[in-house]
Amino acid sequence: SLFSSEISWQQKQKFLSAAEVLQLQKVADNLQNEMDGDLAELTQVLTPGKLQLTDQQRLERHDHLYAAMKDKLAFAGYYTGRCRKLAAQRQQEQKDKQQIRKLYGIQ
């Protein structure tokens with residue numbers, strides 16, 4: 001949802017180029033594919049009779065998947081935050097250019 005809301009916001013604001021928004025979408029899609037794989041593995045780990053695991057092995061895989069998902073969430077927050085920061089910088093640059101034009105009487 002972080003990526004979905006960020007992509008939607010970026011498309012409305014138009015501070016990133018179309019290629020940059022496309023790259024953002026590709027990163028989101030790749031991350032979603034990785035999370036889908038993790039979720040499928042988690043389903044197997046939690047479904048009785050799917051995997052022949054000891055309780056200890058099951059807990060270890062669960063913990064590993066939990067850590068992987070936390071890492072992906074942290075990455076999503078970092079990446080979307082950097083995109084938002086880039087857009088904010090471009091917005092400020094645009095405002096600065098307009099202010100300079102106004103000060104020098106250039107329109």
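A: Let us begin with a term: a residue counts as buried under 20% relative accessible area, as exposed over 50%, and as partly exposed in between. Please also keep in mind that this is a predicted model.

Q: Okay, so is Ile100 buried, partly exposed or exposed?
A: Ile100 has a relative accessible area of 47%, so it falls in the partly exposed class. As for its place in the chain, Ile100 belongs to helix 3, which covers residues 55-104.

Q: Which residues form a nonpolar patch on the surface?
A: The patch is formed by Ile100, Leu103, Tyr104 and Ile106, and together these residues have about 490 Å² of accessible area.

Q: Switching to helices: how do the axes of helix 2 and helix 3 cross?
A: Two packed helices are described by the angle between their axes and the distance between the axes. Here the axes of helix 2 (residues 18-46) and helix 3 come within 10 Å, and they cross at roughly 165°. Angles over 145 degrees count as roughly antiparallel, and helix 2 and helix 3 are therefore roughly antiparallel to each other. The crossing in which helix 2 passes helix 3 is left-handed.

Q: And how many salt bridges are there?
A: The count comes to five salt bridges. In general, side chains of opposite charge can pair when their charged atoms come close.

Q: Which side chain meets Arg84 in a salt bridge?
A: The side chain of Glu6 meets that of Arg84, at 2.8 Å from N to O. Since Arg84 lies in helix 3 and Glu6 in helix 1 (residues 2-13), the pair ties together parts that are 78 residues apart in sequence.

Q: Are those two buried or exposed?
A: Arg84 counts as partly exposed because its relative accessibility is 33%, whereas Glu6, at 4% relative accessibility, counts as buried.

Q: What about Lys72, which side chain does it meet in a salt bridge?
A: The side chain of Lys72 meets that of Glu34 in a salt bridge, with 4.0 Å from N to O. Lys72 lies in helix 3 and Glu34 in helix 2, so this pair ties together parts that are 38 residues apart in sequence. Lys72 is buried, with a relative accessible area of 13%, while Glu34 is partly exposed, with a value of 47%.

Q: Which residues are linked with Lys72 in a network of salt bridges?
A: Glu34 and Asp38 are linked with Lys72 in such a network.

Q: Where does Arg61 come in, I mean, which side chain does it meet?
A: Arg61 meets Glu41 through their side chains, in a salt bridge of 3.0 Å from N to O. This pair links distant parts of the chain, with Arg61 in helix 3 and Glu41 in helix 2, 20 residues apart. Arg61 is partly exposed, with a relative accessible area of 28%, and Glu41 is also partly exposed, with 24%.

Q: New topic: where is Lys14?
A: Lys14 sits in the loop between helix 1 and helix 2, and it counts as exposed because its relative accessibility is 65%. Its backbone has a positive phi of about 60°, although Lys14 is not a glycine.

Q: Last one: how many Å apart in space are Gln32 and Gln11?
A: They are 20 Å apart, C-alpha to C-alpha, and 21 residues apart in sequence. Gln32 is found in helix 2, where it is partly exposed, with a relative accessible area of 38%.

How values were computed: Residues numbered from 1 in each chain as written. Predicted model: local features only at pLDDT ≥ 70, side-chain atom pairs only at ≥ 80, totals over all residues. Heavy atoms only, no water. Patch = residues over 30% accessible without salt bridge, like charges linked within 9 Å, V, L, I, M, F, W, Y side chains within 5 Å. Areas by Shrake-Rupley, 256 points an atom, 1.4 Å probe, with all protein chains shown as cover. Helix = DSSP H or I, 4+ residues; strand = E, 2+ residues; numbered from the N terminus. Buried < 20%, exposed > 50% of the residue type's maximum accessible area, 1.4 Å probe, protein only. Axes fitted to C-alpha atoms, helices over the stretch in contact; angles between N-to-C directions. Parallel < 35°, antiparallel > 145°, perpendicular 65-115°, else oblique. Left-handed = near helix turned anticlockwise from the far one by under 90°.
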